[in-house]
Amino acid sequence: MRYLTLLTFFAAVLFSLNIEMPQKSVANGKTAFLEFTKKDGVSYEKLILDKKEYIIYEHPRDAKKLYALVPIDYYEKPSSKTIKLIYKQDAKEMSKTVHLEVKDGLYKKEILQVQQSKVTLNDKDKKRAAKEYDEAMKDYNTTTQKSYITSKIITPMQSKITSEFGKARVYNNTLKGYHSGTDYRASVGTPIVATNDGVVALVKDRFYSGGSVIIDHGHGIYTCYFHMSKFDVKKGQEVKKGEPIGLSGKSGRVTGPHLHFSARVASEQVDPLQLIELLNKNLF
Ligand SMILES: [Zn+2]
């Protein structure tokens, strides 16, 4: 009898945990959104997917809710995933699972001709690119617990998109990964704005990405602006949504002038425009 009472008690707890996942499936390279309703005596601890942990944050606009972002690696194959929610019920650790379908993003292939020295690197450039990668990864792996985003996210410029996120890229007949962001048509000197409030995490001229600005928006969300010709911000500076951060250019590995705009969530590279749409729809 006591066992049955206990069972009924746990069943009631599970039933009353309110977890929402608006889309049940997500493509590789895109982000899934989960929302939790606060409940007395329950503390939502974290999410686990394939041994990686994801933080559950306070909802920026609804004090009764929490949310989490789960980015799916670009190289992830279509599969059925189980996201494990770890929570505490009256200080006792418990878990619940949510299923997520990973579907194929069906990204196309893109063939580009660039300077051969930006495809076959000499030792000095290899070292430099590796150092710059490590430096940026250190930023992306740093999670600011506070969110700077308080209103709808905007795009960094109003211009035609010339290349979408995710295309498999063939540089000078060599397959080199995929297009990690969204390209906007922009002649040298076109103003670029911050897509939302944040703190400038990096301002630097880098080997591949050229003149680069990275903004930390908090909650593990970063936006990146590459191939710039001029910077209007400094590292560590707070920026506001719509504030000019510099001018577009053609620095780094490019076929011509444009703005490469990308985003990271929980250190994973994701489709920036899908992320903006997802956050705007679910949080603001
Ligand atoms: Zn690009």
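Which residues coordinate the zinc ion? His179 (NE2), Asp183 (OD) and His260 (ND1) do, at 2.0 to 2.1 Å. Donors here are N, O and S atoms within 2.8 Å of the metal (3.2 Å for Na, K and Ca); water is not among the atoms, so sites may look incomplete. This is a predicted model, in which local features need pLDDT of at least 70 and side-chain atom pairs count only at pLDDT 80 or more, while totals for chains, interfaces and linings use all residues. Residues are numbered from 1 along each chain as its sequence is written, and side-chain values use heavy atoms, with hydrogens and water left out.

Along the chain, its donors follow the spacing H-x3-D-x76-H. Aspartate 183 lies in strand β14 (residues 182-185) and histidine 260 in strand β21 (residues 258-265), so this pair ties together parts that are 77 residues apart in sequence. Strands (E, at least two residues) and helices (H or I, at least four) are DSSP runs, numbered from the N terminus. Aspartate 183 and histidine 260 are both buried. Buried means under 20% relative accessible area, exposed over 50%, and partly exposed in between (1.4 Å probe, protein chains only).

A salt bridge is a side-chain nitrogen of Lys or Arg within 4 Å of a carboxyl oxygen of Asp or Glu. Both arginine 169 and aspartate 183 are buried.

Arginine 169 has another partner. Its side chain and that of glutamate 110 form a salt bridge (2.8 Å, N to O). Here too the pair links distant parts of the chain, with glutamate 110 in strand β10 (residues 109-112) and arginine 169 in strand β12 (residues 168-171), 59 residues apart. Glutamate 110 counts as buried because its relative accessibility is 12%. Arginine 169 has 9%, so arginine 169 counts as buried as well. The network of salt bridges links Glu110, Glu164, Lys167, Arg169 and Asp183.

The structure holds 15 salt bridges. One of them joins arginine 128 to glutamate 132, with the closest N and O atoms 2.8 Å apart. Both residues lie in helix α2 (residues 123-140), four residues apart, about one turn of the helix. Arginine 128 is partly exposed, at a relative accessible area of 33%. Glutamate 132 is buried, at 7%.

Helix α2 brings us to the pockets. It gives the most to the lining of the largest pocket, with seven residues. That pocket holds about 1100 Å³ of space. It is lined by 42 residues, and the closest to its centre are Tyr178, Ser180, Tyr208, Arg253 and Gln269. On a 1 Å grid over the protein atoms alone, a pocket is an open set of points where a 1.4 Å probe fits, with protein on both sides within 12 Å along at least five of seven lines; lining residues have an atom within 4 Å of a point. Grid points are joined across faces, edges and corners, and a volume is the space filled by probe spheres set on the points. By class, the lining of the largest pocket has 18 nonpolar, 13 polar and eleven charged residues. Ala, Val, Leu, Ile, Met, Phe, Trp, Tyr, Cys and Pro count as nonpolar, Asp, Glu, Lys and Arg as charged, and the others, Gly among them, as polar.

The second largest pocket holds about 200 Å³. Of its 13 lining residues, Glu53, Ile55, Thr143, Ala266 and Ser267 are the closest to its centre. Strand β5 (residues 52-55) supplies the largest share of this lining, four residues.

The largest nonpolar core has 31 residues, and Leu69, Val213, Tyr225, Ile245 and Leu275 have the most contacts inside it. The elements that give two or more residues to this core are β7 (65-71), β17 (210-218), β18 (221-231), β21 and α3 (272-282). Apart from it lies another core, of 24 residues, including Met21, Leu47, Tyr87 and Val102. A nonpolar core is a set of buried Ala, Val, Leu, Ile, Met, Phe, Trp, Tyr and Cys residues joined through side-chain atoms within 4.5 Å.
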